[in-house]
Amino acid sequence: ACADAALRRAKGMPVLRADGQLAIPTELGEIAFTAPIAYQERDGRREPVQVAYALDGDRYGFTLGEYDRSLPLLIDPLLASTFIGGSGTEDGSGLSIDNAGNVYVCGVTTSGDLPTTPGAFDTSYSGGANDIYVAKLDSGLTSLLALTFVGGAGDDGAGSGVGILADNNGHVYVMSRTESADFPATPGSYDTTYNGGLGDYFVAKFDVSLTNLVAATYIGGSDEEVNSVVIATDNATNLFVVGQTYSSDFPTTPGAYDTAFNGDCDNFVSKLDPSLSNLLASTFIGGSLNDGVIAGMMIDRSNRVIVVGSTKSSDYPTTPGVYDRTFKGSGFNAAISIMDDMLTNLLASTFLSGTSVQDNFHSVALDSQGNIYVAGFAYSADFPTTPGAYDRTFAGGFASVFAKLTPDLTNLIAATYIGGPGEDRVYLL
């Protein structure tokens with residue numbers, strides 16, 4: 001068995017370990033999946049099913065014991081899993097991985113006894129209803145390398161996610177919402193003054209050890225900034241942030257695509273330099289009603305900014321020749337928009353939605369040809385699926401949806417539901 005395993009490794013093939021783990025060779029080294037577990041749920045109880053990995057040449061799968069084929073079967077192998085928290089409540093909402101494979105997670109906490117690490121930027125809970133935490137673990141999740149709080153005396157992170165991005169230059173960016181007038185903004189950053197209202201966004205930049213707060217800035221207007229936050233960088237490591245604002249005076253820049261607040265609640269896209277000292281570009285994007293949220297963003301190889309989310313505005317801006325310019329129903333429609341890197345032009349923008357009360361995209365990804373993949377959820381029985389797709393039948397509740405479009409948003413290449421009669425949602429892709 002040992003000789004066979006060595007031969008398989010030499011050929012770059014998966015190896016089944018004696019403890020039931022599956023080792024798979026990659027360009028970054030060997031990755032081991034834990035021995036799988038399998039189960040079915042019946043009347044609220046979990047019934048275990050015998051399961052093990054099986055190898056067939058360079059392919060792998062599972063061998064199973066007896067199970068009820070009329071019920072769903074769940075098979076769950078893991079790379080690693082760990083708890084991280086204190087005596088209060090933690091809500092993890094952001095994850096990023098650096099070039100060394102270290103894992104950064106962040107979220108909101110009410111735990112004053114969260115396990116901070118010596119030398120971290122802030123080891124003391126700041127009070128208020130919530131603080132933001134940022135943690136760094138090794139790639140195997142065996143060691144907590146660093147953990148810091150970041151926040152002020154007010155409520156930090158409430159009503160929004162926490163976005164995080166480890167860049168390729170030894171820095172970690174964090175973005176969320178704060179109600180703290182004493183948030184630790186740094187001298188020389190774009191905006192060191194809390195703008196009032198019911199909350200501002202902040203952007204903070206740490207070194208990878210989470211020891212030093214390199215830069216931190218507010219970004220917001222006199223009303224409220226709310227909901228999800230997303231961070232991305234372009235080829236020059238400029239930082240793009242998106243979110244949602246009720247502030248008619250949210251900062252925009254001359255020449256940006258839309259410098260006028262459109263009413264109710266608008267989405268925004270903003271671009272900061274890597275030092276967080278200059279707002280290079282900032283624009284509204286929305287219609288006259290509630291623009292639910294830009295929940296996903298990517299920067300493509302041409303530095304085009306691709307954002308996805310939802311809107312309740314029938315006058316949300318779309319562009320000629322795209323897949324669908326028609327707003328459906330009266331609820332939230334899912335939408336995809338593309339802007340140039342200086343946020344001056346709306347290059348393409350389309351709806352991709354049914355007629356229900358809420359369809360929304362939360363994630364976006366690209367393939368090597370630049371095709372755009374989006375994922376989210378739909379409450380619509382008439383979400384536009386495509387012939388031959390995996391599942392064209394709406395099962396009820398909220399259904400997960402996946403779609404693929406051409407880089408210019410003119411054609412829907414494929415779209416499918418995936419889910420059962422309950423509630424299914426996709427938030428990451």
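1. "Buried" here means under 20% relative accessible area, exposed means over 50%, and partly exposed lies in between. With that in hand, look at strand S26, residues 372-378: six of its seven residues are buried, so the strand is mostly covered. Bear in mind as you read that this is a predicted model.

2. Staying with S26, what does it pair with? On one side there is S25, antiparallel to S26 and joined to it over seven bridges. Strand S27 (residues 399-405) also pairs with S26, again antiparallel and again through seven bridges. If you want landmarks to click on, Asp359 has Ala378 in S26 as its bridge partner, and Val374 stands opposite Ala403 in S27.

3. S25 and S26 make a hairpin, with five residues between the two strands. In that turn sits Gly370, whose phi is positive, at about 85°.

4. Is Asn360 buried or exposed? Buried: the relative accessible area of Asn360 is 3%, which is under the 20% cut-off. The side chain of Asn360 has a polar atom 3.3 Å from the backbone nitrogen of Ser310. That distance is within the 3.5 Å limit for a polar contact.

5. Ser310 turns up again at the cavity. The structure holds one cavity of 30 Å³ or more, and the largest cavity has a volume of about 50 Å³. Its lining is made of 11 residues, and those nearest the centre are Val308, Gly309, Ser310, Tyr316 and Ala335. Strands S21 (293-299), S22 (305-311) and S23 (333-339) each give two or more residues to that lining. Which of these gives the largest share? It is S22, with four residues.

6. Strand S20 (residues 279-285) is another one to check. Six of its seven residues are buried, so S20 is largely enclosed by the rest of the structure. Its antiparallel partner is strand S19 (residues 266-272), joined to S20 by six bridges. Within that pair, Ser270 stands opposite Ser282 in S20. S19 and S20 form a hairpin too, with six residues between them, and Leu276 in the turn has a positive phi of about 60°.

7. A word on those phi values. Most residues other than glycine have a negative phi. Leu141 is not a glycine, yet its phi is positive, at about 60°. You will find Leu141 in the loop between strand S11 (131-137) and strand S12 (144-150). Leu409 also has a positive phi, near 65°, and its place is the loop between S27 and strand S28 (412-418).

8. Leu409, at 0% relative accessibility, counts as buried.

9. On cysteines, how many disulfides are there? The count comes to zero. A disulfide is a covalent bond between the sulfur atoms of two cysteines.

10. Asn99 is exposed, with a relative accessible area of 62%, and it lies in the loop between strand S9 (90-97) and strand S10 (103-109). Asp167 is 68 residues from Asn99 in sequence, but the two C-alpha atoms are 8.3 Å apart in space.

11. Last, the open sheet of three strands, which runs in the order S5-S4-S8 with antiparallel pairing. Strand S5 (45-49) and strand S8 (74-76) are the edges, each pairing on one side only. On average, neighbouring strands of this sheet are turned by 35° against each other, with direction ignored. S4, residues 37-42, pairs with S5 over five bridges, and the partner of Tyr39 in S5 is Pro48.

Key
Residues are numbered from 1 along each chain as its sequence is written. This is a predicted model: local features need pLDDT of at least 70, side-chain atom pairs count only at pLDDT 80 or more; totals for chains, interfaces and linings use all residues. Side-chain values use heavy atoms; hydrogens and water are left out. Buried means under 20% relative accessible area, exposed over 50%, partly exposed in between (1.4 Å probe, protein chains only). A polar contact is a pair of N or O atoms within 3.5 Å; within protein, one must be able to donate a hydrogen and the other to accept it, and residues adjacent in sequence count only if both atoms are side-chain atoms. Two strands pair if DSSP finds at least two bridges between them. Axes are lines fitted to C-alpha atoms, for helices over the stretch in contact, and angles run from 0 to 180 degrees between N-to-C directions. A disulfide is a pair of cysteine sulfur atoms within 2.5 Å. On a 1 Å grid over the protein atoms alone, a cavity is a set of points where a 1.4 Å probe fits but cannot get out, and a pocket is an open set with protein on both sides within 12 Å along at least five of seven lines; lining residues have an atom within 4 Å of a point. Grid points are joined across faces, edges and corners, and a volume is the space filled by probe spheres set on the points.
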